[in-house]
Amino acid sequence: MSRYRVLVVDDHAHAREAMCEILSMDDSFEVIGVVESGAEAIAFTAQWMPDLILIDIQMPEMDGLETTRRIKQEYPYVKIVIVTVSDEISHLLEALKQGAQGYLLKNLAPSTWIQYLQAIVNEEAPLSRELAFQILKEFTVPSVTDEGESLTAREKEILSCVSSGSKNKEIAVSLGISEHTVKNHLKNILQKLQLQNRTQLTRYALEQGLASRKRDFSKDV
C-alpha cells in the first residue's frame, strides 16, 4: 500500500500533536516532519519533498496562505490543505487561489479528516453545490474554445461526469473503464484545455454546455 508522506505545520504544540494523532489513525499517511513556522515549512519541503502538507492558516511572521503560495511556486506537485478554526468562505477561496487543494476545520471529527484527506490525495475531494458555485464565480478560466474542440467523445463524457461532482471511481464504474484510465483521461483533458484543476474544468463544462446536472451536490457534505 502506498504511503503519503506528510508535513504538519502549526505554531501551537497541541494542534501539531492533535493532527499527528489523527493521521496515525490511517496507515496510508506517514508524518515525516512537524514544524511550527512558514519558513521552516519551506525549508523542510525543499529538503524532504513531502506529498502532503497540513498547515495552519494563522501563524506569526508568515501565515499559512503566504507559505502555501511560496511552496506551490517552487513545488506545484505538493498537495496542501489549510487547517483553521474559521469557516469563512472567503478564507477557503483565498486558500484555493494560493494553490491549496483543500481546507479543513479543526473542530471536525477525526474520521471526517481522514475521509477528506484521502479524497484530497486521490484528487477526488467533493464540494457542496453551494460552495462549488461560489468557488466557480471567483475563478477565471482562460479562453479555451479552440482547444475544447479537440476533446474526444470519451473525454467529453468524463468532463460531464466531473462537472456533476462524480469521483474518479464513480466515473470508472459508470463508463465501464478503470480508475487509472479515468485519471489519464483527466490529465489529457487538463492539458488540452490548458486548465489547472477540477474546479476550472467544472466551470468550463458549465460555460460550454457540457455539464451534467443530475447529481445533487447538497448530499456530498
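## Overview

The protein holds eleven helices and five strands. The model shown here is predicted. Of the 221 residues in the protein, 46% are buried. Take the contacts between residues at least 6 apart in sequence: 65% of them join residues at least 24 apart.

Start with strand 1 (residues 4–9) and strand 2 (residues 29–35). Six bridges join these two parallel strands. Within this pairing, Tyr 4 stands opposite Phe 29 of strand 2. How does the chain get from strand 1 to strand 2? It passes through helix 1 (residues 13–23), and this β-α-β crossover is right-handed.

## Strand 3 and its partners

Strand 3 (residues 52–56) pairs with strand 1 in the parallel sense, over four bridges. Here Val 8 is opposite Leu 54 of strand 3. Strand 3 is also joined to strand 4 (residues 79–84), by five bridges, and these two run parallel. Leu 54 stands opposite Val 81 in strand 4. The bridge partner of Ile 55 in strand 4 is Ile 82.

Strand 3 is mostly covered, with five of its five residues buried. In a regular strand, side chains alternate between the two faces of the sheet. Strand 3 can be read in that way. Leu 52, Leu 54 and Asp 56 point one way, Ile 53 and Ile 55 point the other way, and all are buried.

## Asp 56

Asp 56 belongs to strand 3. UniProt, in an unreviewed entry, places the feature "modified residue: 4-aspartylphosphate" at this Asp 56. Is Asp 56 buried or exposed? Its relative accessibility is 5%, so Asp 56 counts as buried; the cut-off for buried is under 20%.

Which residues touch Asp 56, leaving aside its neighbours within four places in sequence? Asp 56 is in contact with Val 9, Asp 10, Asp 11, Gly 64, Val 83, Thr 84 and Lys 106.

## Two loop residues with positive phi

Met 49 sits in the loop between helix 2 (38–48) and strand 3. Its phi is positive, about 50 degrees, although Met 49 is not a glycine. Met 49 has a relative accessible area of 35%, so it is partly exposed.

Glu 61 is in the loop between strand 3 and helix 3 (64–74). Glu 61 is not a glycine, yet it has a positive phi of about 70 degrees. The relative accessible area of Glu 61 is 90%, so this residue is exposed.

## Pro 110 and Ile 22

Pro 110 lies in helix 5 (residues 110–121). Along the chain, Pro 110 and Ile 22 are 88 residues apart. Their C-alpha atoms, however, are separated by 5.8 Å. Leaving aside its neighbours within four places in sequence, Pro 110 is in contact with Ile 22 and Met 25. Pro 110 has 35% relative accessibility, so it counts as partly exposed.

## Helix 8

Helix 8 spans residues 153–163. Which of its residues are buried? They are Glu 155, Ile 158, Leu 159, Ser 160, Cys 161, Val 162 and Ser 163. An α-helix has 3.6 residues a turn, so residues three or four places apart point the same way.

What do the buried residues of helix 8 pack against? Their partners are helix 9 (168–175), helix 10 (179–193) and helix 11 (198–207). Just after helix 8 comes Gly 165, with a positive phi of about 95 degrees.

## Cysteines

How many disulfides does a search of the whole structure find? The search finds zero. Cys 20 has 23% relative accessibility, so it counts as partly exposed. Cys 161 has 16%, so it counts as buried.

Notes: Residues numbered from 1 in each chain as written. Predicted model: local features only at pLDDT ≥ 70, side-chain atom pairs only at ≥ 80, totals over all residues. Heavy atoms only, no water. Pairing = 2+ DSSP bridges. Right-handed = clockwise from strand over helix to strand, strands pointing away. Disulfide = S-S within 2.5 Å. Buried < 20%, exposed > 50% of the residue type's maximum accessible area, 1.4 Å probe, protein only. UniProt positions renumbered as here; feature names shortened; annotations may be inferred. Contact = heavy atoms within 4.5 Å.
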